[in-house]
Amino acid sequence: MLFEEFAETRTTVDTKVSNVDVKQNVDVSVDAKPGIRTDIVKDVDTIINKLEYLANNMEDVEEFANESQLNESTVDQIVSAELYMIPVIAAGVVGAAGIGVGVLIKRAVTKAKIRAKHKKVVRANKIKAAKMEIYVKELRDYKKQDFDDRSRQKVQEFNKKIEELKQAAEDMNGALIEKYPKYTDFIGTLNSEVRMEIAQFMLDSKLLTDAEKERYQKTYRNAVRSLDRRLKKAEDEKKAAEEKVKNASKEDLARIEAEKERLQQEFKDREETEDSEA
């Protein structure tokens, strides 16, 4: 309950690994009758138009979060566990290996800054590339005669765009690591979460080949294991603090309550200062 008053709480993430059953239906029976052929060409054009729109717009990237079956962010839980510690440490109930509360707040502010940039560029570009890949995979079910020259050229352009988006994401990820070398582990957590999110999305699409399905299932499992390890560490530290708070004196609890409001304002002030200097 201490943290609920200090910062926004998050719900639990279900990180159980499951093999998503993806049924492949790649045999497309095409009737050569003119009317049906026209409908097929229209279907191809529709997918091409969707790709065209997606390639030139970023607005619907956030829509991906609604399509995903994932619960609230694992990173949110890790950050929540860390923020919980700040007022408790400030009140002197739990030590932090000699680290001052000011340092802890600065770390939290820096992580918030990194996360915002990562979400805006790294996550957004990777998600956009994944959505475009799904549309391109839909086109695999059509035959060569269903594509005119324009459509074939467009698919080549979209594949090039997908690679550019992925590269832009990697470039920004590298820039963040270079600028914040002490936060490499945190950036790795953000990347693991995005990999898990995209792997789930791709598996849910039911458009993968057996080889692709196996690859994304492996990616999903590895990302989950990585996030589980990091979350467990943060949660263990929080539980240890909770035990001490549970047995704290009334005076200690009063100090924690007094610190929370002050620290919340200090955190907000630091965020605003960082933003203005960025």
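Colleague: Before we start, what does buried mean here?
Modeller: Buried means under 20% relative accessible area. Keep in mind that this is a predicted model.

Colleague: Fine. How much of the chain counts as buried?
Modeller: 44% of the 278 residues.

Colleague: And the secondary structure, how many helices and strands?
Modeller: Nine helices and zero strands. From the N terminus on, the order is α-α-α-α-α-α-α-α-α.

Colleague: What share of the contacts with a separation of 6 or more comes from residues 24 or more positions apart?
Modeller: Those residues account for 87% of such contacts in the chain.

Colleague: Let's do helix packing. How do you describe a packed pair?
Modeller: By the angle between the two axes and the distance between them.

Colleague: Then take α4 and α5. At what angle do the axes cross?
Modeller: Roughly 160°, and the axes come within 10 Å. Angles over 145 degrees count as roughly antiparallel, so α4 is roughly antiparallel to α5. For reference, α4 covers residues 74-90 and α5 covers residues 101-138.

Colleague: Is that crossing left-handed or right-handed?
Modeller: The crossing of α4 and α5 is left-handed.

Colleague: Which residues make the contact?
Modeller: On α4, Val75, Asp76, Glu82, Leu83, Ile86, Ile89 and Ala90. On α5, Val101, Leu104, Ile105, Ala108, Lys111 and Arg115.

Colleague: How do they divide by class?
Modeller: The contact of α4 with α5 has nine nonpolar residues, four charged and no polar.

Colleague: What about α4 against α7?
Modeller: Those axes come within 9 Å and cross at roughly 150°. α4 and α7 are therefore roughly antiparallel to each other.

Colleague: Which residues touch there?
Modeller: α4 contributes Thr74, Val75, Ile78 and Val79. α7 brings Phe186, Thr189, Leu190, Glu193 and Met196. By class, that contact has six nonpolar, two polar and one charged.

Colleague: Stay on α7. How many of its residues are buried?
Modeller: 17 of the 21, so α7 is largely enclosed by the rest of the structure.

Colleague: And its length, what span should it have?
Modeller: At 1.5 Å a residue, α7 (residues 184-204) should span 30 Å. The C-alpha atoms at its ends are 30 Å apart, which agrees.

Colleague: What's the residue with positive phi that follows α7?
Modeller: Lys206. Its phi is near 60°, positive in a residue other than glycine.

Colleague: Where does Lys206 lie?
Modeller: In the loop between α7 and α8, with α8 being 210-246. Lys206 has a relative accessible area of 46%, so it is partly exposed.

Colleague: On to α8. Where is Thr219 found?
Modeller: Thr219 is in helix α8. It counts as partly exposed, at 26% relative accessibility.

Colleague: What does Thr219 touch, leaving out residues up to four places away in sequence?
Modeller: Arg195 and Ala199. Thr219 and Ala199 are 20 residues apart along the chain, and their C-alpha atoms are separated by 6.6 Å.

Colleague: One more. Is Asn125 buried or exposed?
Modeller: Buried, with a relative accessible area of 11%. Asn125 has its place in helix α5.

Colleague: And how far apart are Asn125 and Glu170, C-alpha to C-alpha?
Modeller: 9.4 Å in space, and 45 residues in sequence.

Definitions and conventions:
Residues numbered from 1 in each chain as written. Predicted model: local features only at pLDDT ≥ 70, side-chain atom pairs only at ≥ 80, totals over all residues. Heavy atoms only, no water. Axes fitted to C-alpha atoms, helices over the stretch in contact; angles between N-to-C directions. Helix = DSSP H or I, 4+ residues; strand = E, 2+ residues; numbered from the N terminus. Parallel < 35°, antiparallel > 145°, perpendicular 65-115°, else oblique. Left-handed = near helix turned anticlockwise from the far one by under 90°. Contact = heavy atoms within 4.5 Å. Nonpolar A, V, L, I, M, F, W, Y, C, P; charged D, E, K, R; others polar. Expected span 1.5 Å × (residues − 1). Buried < 20%, exposed > 50% of the residue type's maximum accessible area, 1.4 Å probe, protein only.
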